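Colleague: I would like to learn how to read aromatic contacts in a model. Can we work through one together?

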Amino acid sequence: MKNLMQSLKMQFRVPIAIFFSLVFPIIMMIIMIISYGNFPIGHGLHFIDKYFLVSTSIGLLPLALISFPIWISESIESKVFERLQYLGVNVRKIVFSDLVSYLILAMLSILLNIVIARLFFNLSIPTLGYLLTFLIQIIYCVLVLFLLGLLLALIVANTRILMPLGMIVMFLAYMFIGVFIRFDELPKKIISVSNRLPVKYMTNDFFNIWNGNELWDINFIKLNSIWAIILIVFVVIIYYTKYTKFVRR
């Protein structure tokens, strides 16, 4: 618990991570609702009931694709884990605490979007069962996004290159999931690619879970699992080929 609290304190000492994960999505939500109005979309729902999914993804992607891989990269560059291991410190506990702190920050980002959307724009809240499955599936998607961030960090391992690379990947993801324009207005070729990205389901299809039409998105679960397996394989291969010296220790 002590390690976890220290990790959380470190998270909140990084202004750029807090801004893009917690503040920026709320700003985007407010701008969009004020600009377009919280118009009804049928069945007692309003624009906010769809857009809060977009603002949630806006906050989670920089956390997974920029903040998280930069932490990994900095740890590799500074060889902090090797030094701690040499001093007899339990590195696994520290790494686990840091990982949990990122998951907590992700949950804070999700919950803050829900709370602000509810308080200021009357977001509809589903029943407990649908709310829990919604959160479970979002966290599952976030874990796979973290795997992608880990892969980027292991491949590049240079923070000066990693940050612009992470931003490129993030803005490409924004384009494919419909952050800048409505998803159904995207070109067909982009939609075809988007349908193979788990984050697209989190940003758009999870609306069916939120409004109580379905409990589990089976297509998302299958696709996300495939991505998880592929990313784990690549992470293991790169880790054991590039960092064997550390592994042997």
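Modeller: Start with the rule. Rings of Phe, Tyr and Trp pair if their centres lie within 6.5 Å, and for Trp the six-membered ring is used. Planes under 30 degrees apart count as stacked, over 60 as edge-to-face, and the rest as tilted. Keep in mind that this is a predicted model.

Colleague: How many aromatic pairs does the rule give here?

Modeller: The count is 18 aromatic pairs. Take Phe-19 and Phe-24 as one example. Their ring centres are 6.1 Å apart, with 40° between the planes, and the pair is tilted.

Colleague: Now Phe-52 and Trp-210. What geometry does that pair have?

Modeller: Tilted again: 4.6 Å from centre to centre, and 55° between the planes. This pair links distant parts of the chain. Phe-52 belongs to helix 3, residues 47-78, and Trp-210 to helix 10, residues 207-210. The two are 158 residues apart.

Colleague: Why does Phe-52 count as buried? And Trp-210?

Modeller: Apply the cut-off of 20%. Phe-52 has a relative accessibility of 0%, so Phe-52 counts as buried. Trp-210 has 3%, so Trp-210 is buried as well.

Colleague: Which residues make up the aromatic cluster that holds this pair?

Modeller: Phe-52 and Trp-210 are in one cluster with Phe-134, Tyr-140, Phe-206 and Phe-220.

Colleague: Let us step back to the whole chain. What is its secondary structure?

Modeller: The chain has 12 helices and 2 strands. Reading from the N terminus, the order is α-α-β-β-α-α-α-α-α-α-α-α-α-α.

Colleague: And what about burial and contacts across the chain?

Modeller: Of the 249 residues, 45% are buried. Among contacts with a separation of 6 or more, 74% join residues 24 or more positions apart. The chain exposes about 13,500 Å², and carbon and sulfur atoms supply 69% of that area.

Note on methods:
Residues are numbered from 1 along each chain as its sequence is written. This is a predicted model: local features need pLDDT of at least 70, side-chain atom pairs count only at pLDDT 80 or more; totals for chains, interfaces and linings use all residues. Side-chain values use heavy atoms; hydrogens and water are left out. Helices (H or I, at least four residues) and strands (E, at least two) are DSSP runs, numbered from the N terminus. Buried means under 20% relative accessible area, exposed over 50%, partly exposed in between (1.4 Å probe, protein chains only). Contact means heavy atoms within 4.5 Å. Accessible areas come from the Shrake-Rupley method with a 1.4 Å probe; for residues, only the protein chains shown count as cover.
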